[in-house]
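Biologist: I have a model open and want to go through it with you. Can you take my questions as they come?

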Amino acid sequence: MIKPFWTKWSFLFKLRFIFGVILLIFLLLFLYLKIVPFGQISYSRDYSSAWRSSKGFISGFTPAERVDLETSEVPAIIGDPVYFSVFTPRTFDQAKMTIVYRDNLTIDLPIIEAGVLVDNIVWRYDLKPVDNKALDYLMLRWDKLEENGLLFLQKEKNYSSLADWEKDLAKGKIKDCSNVSTNCLAVYNYTPPYKYQIANYQPLLPLTIDQPLRGAHQFYLYLKDEPLHLDFSFIDQNLDLKPAPIKIILSSENGIIDTQIIDDPNLNPGSGQMEEKKVTIDKRNLSAGIYKVEVKITDDMIIKKISSSIGRLSFIHKIWPVSGQGNLKVYTDSNYLQVKALSPASLQTISFGGNKFSLTEAYRQFDFYSEDGGLIKEIKIAQDDLILENNGVFALSPNALINPSLMKVDRFFSVKMPVKYIVAEYQKPKEVNGFKVATVEFDLKNAYREKGKYNFMIAVPGLKADDKLNDNLEIYKINIEFEGRTLWQKIWQ
Amino acid sequence: MAKNLAIISREVFYFFTALIVLSIGLEIIWPNIILAYVNLNYIIVLWLISGLISLINK
């Protein structure tokens, strides 16, 4: 049937027909790759191969000063954290990242994590474990149980199942443990069914924080049979050109309770003209417990004042006081402190837990460790405009300090600590031909995507590019399998 | 035979022209969709070579 047509066609027509079909296949192939009709696609980058026939999907690592491209045939991460983006032609719901790496890290860098950007205002990454050497070590020495993807480690075998232990935890009484919240239990990448309570709670007087704070902050509040009233006063400095919206989220362990959003019409971008904005949160009949408030603003905004009806208020992991005034006292529950001075005028000697530490360079992050054995450490600052960060909480008065978080198996964790139980959602990386292979899964439904790219991070907490040590993490290959809705689900749902 | 070769080289040149136009069009509509897979520079080099061969065979 086809043959008579084919023989009748001229040579030129046949040639054009063949090339036309090739062009059509090319077009259909790229439409297929754009739409991904079956909802599944995988992108990879082999860093050991020098040949690249295209731009690829997975970008290089940034910032450049944290990556060594010269010494090894593959990029070696020498500073924490590094970022890379992945271009996808459409959105997906889930990603499964497989990293092939070789770890040349010192013993004091036990953690490797990977994350996807979920909030571009506060630059929050949803971090997942890649490698945790403290857990790897304890898995060989402690009693180990694995249930429903969770790892349960016991120093001495008191429970035969994780479910039994969780039942006891919900009651607030665990075998061989006098106080759950302080030193008996450590977690990693897991939130146990545990409700933080302060025994013999006495309300404190209302609190007013009139120390200006720059940028996004989040804090814990603890209340019992009290109304919650929070008044925020913000200053939009209008020093940059971007809009400065305000988003305040009040949440408890059961989820979000209230969200307040103030959009910024951005009428005076870059003018330096200050605008004052106010937000109030008023809630009654809240049950006793811990509440979290997230203040999401850009670094062009300042929290001028917070008036709280609740006296126990602690900033989580970070505080950035900026008033230009001096002699500030901040309190923390951690032995560790990261400090970054944001101007040469802020260089100084600070006191942390009774020890003196020198800040000698602006825009460089300094790590300080205090030998103070007390639960609360005082930080004395002669001049502010410093970013203070750690794995604990900060407060402007010692009485206000509360930290409901359980101990984490992070880089400050020591096997010498009096921990008796560890629960973690963690898979030890596999060893294949001298390389480590770790698989991490991400939920992309809430991930931030800009210009067709998801942004990822690889973190080795404590790894520093400028410490002159030869420690690094060599990345050989990254493979990401994306999964999302199929074309038919998109059309019909 | 020589006539056919001239036709083939000319048509190959037309093919690469159409391929480049199509690729650039797709890139304008959906940025990165082609560049992520194919380096257009290679196609442009092939297009130039085919153009030169076509001129020689003319």
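Biologist: In what order do the 5 strands of the open sheet in chain A come?

Modeller: The order is E8-E9-E29-E10-E28, with mixed pairing. Strands here are DSSP runs of at least two residues (E) and helices runs of at least four (H or I), numbered from the N terminus; two strands pair if DSSP finds at least two bridges between them. This is a predicted model, in which local features need pLDDT of at least 70, side-chain atom pairs count only at pLDDT 80 or more, and totals for chains, interfaces and linings use all residues. Residues are numbered from 1 along each chain as its sequence is written, with chains lettered from A and ligands numbered from 1 in the order in which they are written.

Biologist: Which are the edge strands?

Modeller: E8 (143-147) and E28 (407-408) of chain A, each pairing on one side only.

Biologist: How do E8(A) and E9(A) run, parallel or antiparallel?

Modeller: Antiparallel, joined by 5 bridges. A:Lys144 stands opposite A:Leu153 in E9(A). Their hairpin has 2 residues between the strands, and A:Asn148 takes a positive phi near 50 degrees there.

Biologist: And E10(A) with E29(A), parallel or antiparallel?

Modeller: Residues 185-188 and 421-424 of chain A pair in the parallel sense over 4 bridges. A:Ala186 has A:Ile422 as its bridge partner in E29(A).

Biologist: Which helix packs on the sheet?

Modeller: Helix H4 (residues 162-171) of chain A, which touches E8, E9 and E29 of chain A. Contact means that C-beta atoms, placed from the backbone, lie within 7 Å. The direction of H4 makes about 75 degrees with that of E9(A).

Biologist: Switching to the two chains. At what angle do H2 of chain A and H1 of chain B pack?

Modeller: About 20 degrees, with the axes 10 Å apart. Axes are lines fitted to C-alpha atoms, for helices over the stretch in contact, and angles run from 0 to 180 degrees between N-to-C directions. H2(A) and H1(B) are therefore roughly parallel, the term for angles under 35 degrees.

Biologist: Which residues meet there?

Modeller: Among them are A:Phe19, A:Leu23 and A:Phe26 in H2(A), and B:Phe15, B:Leu19 and B:Leu22 in H1(B).

Biologist: How many residues does each chain put into the contact?

Modeller: Chain B gives 19 and chain A gives 18.

Biologist: What does the model score?

Modeller: ipTM is 0.92 and pTM 0.80. Chain B averages a pLDDT of 90, with 98% of its residues scoring at least 70; pLDDT is the predictor's confidence in each residue, from 0 to 100.

Conventions:
Parallel < 35°, antiparallel > 145°, perpendicular 65-115°, else oblique. Contact = placed C-beta atoms within 7 Å.
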